[in-house]
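This report looks at a ligand site and at pairs of charged side chains. Please have the sequence and the structure at hand while reading.

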Amino acid sequence: MKKILVTGGLGFIGSHTVVELQHEGFEVIIIDDLSNTTIGVLDNITEITGKKPDFHQIDLRKKKEVTTFFDNNKIDGIIHFAAFKAVGESVQNPLDYYENNIGSLVYILQEMRNRKLDNFIFSSSCTVYGQADELPITENAPVKKAESTYGNTKQIGEEIIEETCKAHHLNAIALRYFNPIGAHDSIKIGELPLGVPQNLIPFVTQTAAGIRKELSVFGDDYPTPDGTAIRDYIHVVDLAKAHIAALKRLLNKNNKQNFEFFNVGSGKGSSVLEVIKAFEKASKKPLNYKIVGRREGDITAAFADTTIANKELNWKTEKTLDEALSSAWKWQLKQS
Ligand code: WQD
């Protein structure tokens, strides 16, 4: 049974990916520093799959702890989620983001190089495209200067991986996520934003649950049909399955280059107002919101051209926006 290390495996996307890995018969080892999740997620994963993943609480900024882990564990593949991911916070604390997001990546890649380990999947983001010149966004779209430190850590991360693959014959895939939302069908795992949610969907569900007074819609003066910004919202379970597809591509040596990257989205763009309307339908609850000014750094529109991911990964989304919103709402109701 292949043993797969999932860093950040108790996080939102990480936990859903661990469940899919276990469903596929992989043995999973999780490293998480618990800085943005809770240990209870480990039990929730175990409840879903009936198999408790091996768990190590490790701060990947500590090189010695990373080395010791690899001394004691033979790994067949790595899915690297562990990173700080709050866009606004990253601009206030750039050095903490570079230390964690880049530092931990370098330490893991050094262990892979030193021990001739292979098969590395990197959690990247459509943020690398900034405001793309053409929509839908293909993998040929140029990477633009990042608007935030968070986005820059993803761009730099991809460059580090590409150069490492070239120099040390490592095989790696970066998955450029669009906007992950929703919760597992079991409603035992989902998005656990600590503090005031930065992202749209958790803020919507917390508003509907009465935890937040109202949702602020950041701008309705964008050049879009209804004036609000457009994003590609992908169900987190579909996104998790894209990681399995990418891992299998590497394990089966079907990759065409040492370093590859794919856009992982639904391929459908939805405006903020469209999401609100869909949520009200899914939750059967009117949402309290007001239009305010644009948020610094936001782009007008982004949605994926999924042609290459569909073909090369033999993967496509199966769930709809309505299903994602409905699962997000059911997950929220379980929290209260
Ligand atoms: C979506 C839309 C907001 C909150 C970021 C990162 C990306 C990934 C996902 C980590 C935008 C609007 C939001 C609110 C609003 N991050 N909005 N009111 O900014 O597209 O992407 O998060 O993995 O890499 O860049 O996601 O959910 O913050 O915003 O009107 O209270 O909702 O303006 O148009 P974003 P988001």
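A residue counts as exposed when its relative accessible area is over 50%. The model is predicted. With a relative accessible area of 58%, Lys-281 is exposed because it passes that cut-off.

Lys-281 forms a salt bridge with Asp-322. Asp-322 belongs to helix α11 (residues 321–335) and Lys-281 to helix α9 (residues 272–283), so this pair ties together parts that are 41 residues apart in sequence. Asp-322 is partly exposed, at 33% relative accessibility.

Side chains of opposite charge can pair when their charged atoms come close.

| Pair | N to O distance |
|---|---|
| Lys-188 and Glu-47 | 3.0 Å |
| Arg-61 and Glu-99 | 3.9 Å |
| Lys-281 and Asp-322 | 3.3 Å |

Arg-61 sits in the loop between β3 (54–57) and α3 (63–72), and Glu-99 in helix α5 (residues 94–115), so their pair joins parts that are 38 residues apart in sequence. Arg-61 is partly exposed, with a relative accessible area of 29%, and Glu-99 is also partly exposed, with 46%. A network of salt bridges links Arg-249, Lys-256, Glu-260, Lys-311 and Glu-312.

The second topic is the ligand. Its shell of residues divides into 9 nonpolar, 6 polar and 3 charged. Strand β8 (residues 215–218) gives the most to this shell, with 4 residues. A polar side-chain atom of Thr-127 lies 2.8 Å from an oxygen atom of the ligand. Taken alone, the ligand exposes 690 Å², and the protein buries 90% of that.

Notes
Residues are numbered from 1 along each chain as its sequence is written. This is a predicted model: local features need pLDDT of at least 70, side-chain atom pairs count only at pLDDT 80 or more; totals for chains, interfaces and linings use all residues. Side-chain values use heavy atoms; hydrogens and water are left out. A polar contact is a pair of N or O atoms within 3.5 Å; within protein, one must be able to donate a hydrogen and the other to accept it, and residues adjacent in sequence count only if both atoms are side-chain atoms. Accessible areas come from the Shrake-Rupley method with a 1.4 Å probe; for residues, only the protein chains shown count as cover. Helices (H or I, at least four residues) and strands (E, at least two) are DSSP runs, numbered from the N terminus. Ala, Val, Leu, Ile, Met, Phe, Trp, Tyr, Cys and Pro count as nonpolar, Asp, Glu, Lys and Arg as charged, and the others, Gly among them, as polar. A salt bridge is a side-chain nitrogen of Lys or Arg within 4 Å of a carboxyl oxygen of Asp or Glu. Buried means under 20% relative accessible area, exposed over 50%, partly exposed in between (1.4 Å probe, protein chains only).
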